[in-house]
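This briefing goes through a structure by topic. The interface comes before the individual residues.

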Amino acid sequence: MEVTSTAMAGTLESSDCQVTVEPGTGIDLSIDSSVINQFGKAIKKTVLETLDRLDVKDAKVTVVDKGALDCTIKARVEGAVFRASGYSEDEICSGKKLPWGGAIR
Amino acid sequence: MNPNLTRLRRTMMFLNAQKPSLIKDPYIYKPDSIMLDLEDAVAENQKDAARYSLYHALKEIDYHGVERVVRINGLETAHWKEDIRVCVAGRCDSIRISKCESAADVHAVETEMEKAEEEFGVEKGSILIMAALESTKGIMHTYEICTASPLLFGVALSGGDYTKDLQTKITGTGVELAGARQQMIIAARAAGKQCFDTVFTNLDDMEGFRKECEMIKAMGFDGKSIVNPRQIAITHEVFTPTQKEIDFAEKVVKEVDEKKAQGIGVFTVNGKMIDIAFYPGAKRTIEMAKAAGVYEGDL
């Protein structure tokens, strides 16, 4: 997927994470987390794997984590990437189908 | 027949599907069902984000046997078809139709579910349906809604929207909901379906909540929609047979079986006159006790 605009998903509430995706060259990832020492590597792995599944090659990705589970991190990365790649809710409701079980899994 | 059609549903707890803190571990409170909400709890500009969150929750969180119902957006919105795709792809247990007003609404949802089942290779009929009745028209059409699909397991009252349509408000006395509750339970039972009451939102009035639970139990309802884990224990207590009721039901079932073999139609149990008409109710009490995990007998 091609990131063509800046988009964000998620919140700064406990158990959530806020992911911002912007156009960039290569993958430029930064992570800020209250549990960076224990889970920093795991968070990075989940984010990179999710970007890989979505076939995102070029993007600046900023993650602010508040103790999110893996499933939440995936959901927020997907949310930001799809929003930044032309999948607005209006487009989705107009029939642009999301790949549940495919790139989203 | 899908065994979940008649499963125990004393409590159905609303949770915003977009809030990770709510959906990560609600099973610890042991509700019978959770209702992951894509509708009113989710802001209009977060509908897409809620679906990603829902999908991964359904696929990756072990809810320990708690039923996972998803409330989709109303059929008058643009969101509901993609809501159904994510529900089916994520293999939720049941889909709750918002603002259901007719059999046609149920059929429309069924049609989209079938398309999604085909698309995602999900067994047909494995995901059930329930309908939320939120308008006077919906209440008037309860029976046609209940009989619209073999996949529909029950109907639930949504008191807030219903009272707006009725041009009144929730008073706390229940008078404004009396007609709807009565109409719903009669129609649901006539159709052989379950029936669930609306939420009670005043969390400072637990005594009022208990009284409402006792009233709807007496009316015949199967359970209640709830908004807070604090409401679970009270609801389960009200909707679970007491040991005294179980003991009596057990005696009735055993005595009816025994006396029937002896050709006796009427007899007494604990001083009460009993005949075959008591049998279905007693059997139901035993089944309810079994489902609630409190039956230790041998029936």
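Between them, chain B and chain A bury about 2,200 Å², 56% of it on carbon and sulfur atoms; buried area is the accessible area (1.4 Å probe) that two parts lose on being put together, summed over both. On the side of chain B, the most area is lost by B:Pro20, B:Tyr52 and B:His56, together 31% of what that side buries. This is a predicted model, in which local features need pLDDT of at least 70 and side-chain atom pairs count only at pLDDT 80 or more, while totals for chains, interfaces and linings use all residues. Residues are numbered from 1 along each chain as its sequence is written, chains are lettered from A and ligands numbered from 1 in the order in which they are written, and side-chain values use heavy atoms, with hydrogens and water left out.

**Interface of chain B and chain A**

- The contact takes 25 residues from chain B and 23 residues from chain A, where contact means heavy atoms within 4.5 Å.
- Four salt bridges are counted between the two chains; a salt bridge is a side-chain nitrogen of Lys or Arg within 4 Å of a carboxyl oxygen of Asp or Glu.
- A:Lys74 and B:Glu60 meet in a salt bridge through their side chains (3.1 Å, N to O).
- Helix 1 (20-23), helix 2 (47-60), helix 3 and helix 4 (103-120) of chain B each supply at least two residues of the side that touches chain A. Helices (H or I, at least four residues) and strands (E, at least two) are DSSP runs, numbered from the N terminus.
- Helix 2 of chain B gives the largest share of that side, nine residues.

- B:Asn73 lies in the loop between strand 3 (67-71) and helix 3 (80-90) of chain B.
- At 3% relative accessibility, B:Asn73 counts as buried; buried means under 20% relative accessible area, exposed over 50%, partly exposed in between (1.4 Å probe, protein chains only).
- The side chain of B:Asn73 makes polar contacts with the side chain of B:Lys47 (2.8 Å) and with that of B:Asp83 (2.8 Å).

**Surroundings of B:Leu157**

- B:Leu157 is in strand 6 (residues 152-157) of chain B and is buried, with a relative accessible area of 1%.
- B:Leu157 and B:Glu134 are 23 residues apart in sequence and 6.4 Å apart in space, C-alpha to C-alpha.

**Salt bridges within chain B**

- B:Glu212 and B:Lys224 meet in a salt bridge (2.6 Å, N to O). B:Glu212 lies in helix 9 (residues 206-219) and B:Lys224 in strand 8 (residues 223-226), so the pair ties together parts that are twelve residues apart in sequence. Both B:Glu212 and B:Lys224 are buried.
- B:Asp298 and B:Lys254 also form a salt bridge (3.0 Å, N to O). B:Asp298 counts as exposed at 62% relative accessibility, and B:Lys254 as partly exposed at 37%.
- B:Lys290 forms a salt bridge with B:Glu287, the closest N and O atoms being 3.7 Å apart. Both lie in helix 12 of chain B, three residues apart, about one turn of the helix.
- A network of salt bridges links B:Asp37, B:Glu39, B:Arg71 and B:Lys99.

Definitions and conventions: A polar contact is a pair of N or O atoms within 3.5 Å; within protein, one must be able to donate a hydrogen and the other to accept it, and residues adjacent in sequence count only if both atoms are side-chain atoms.
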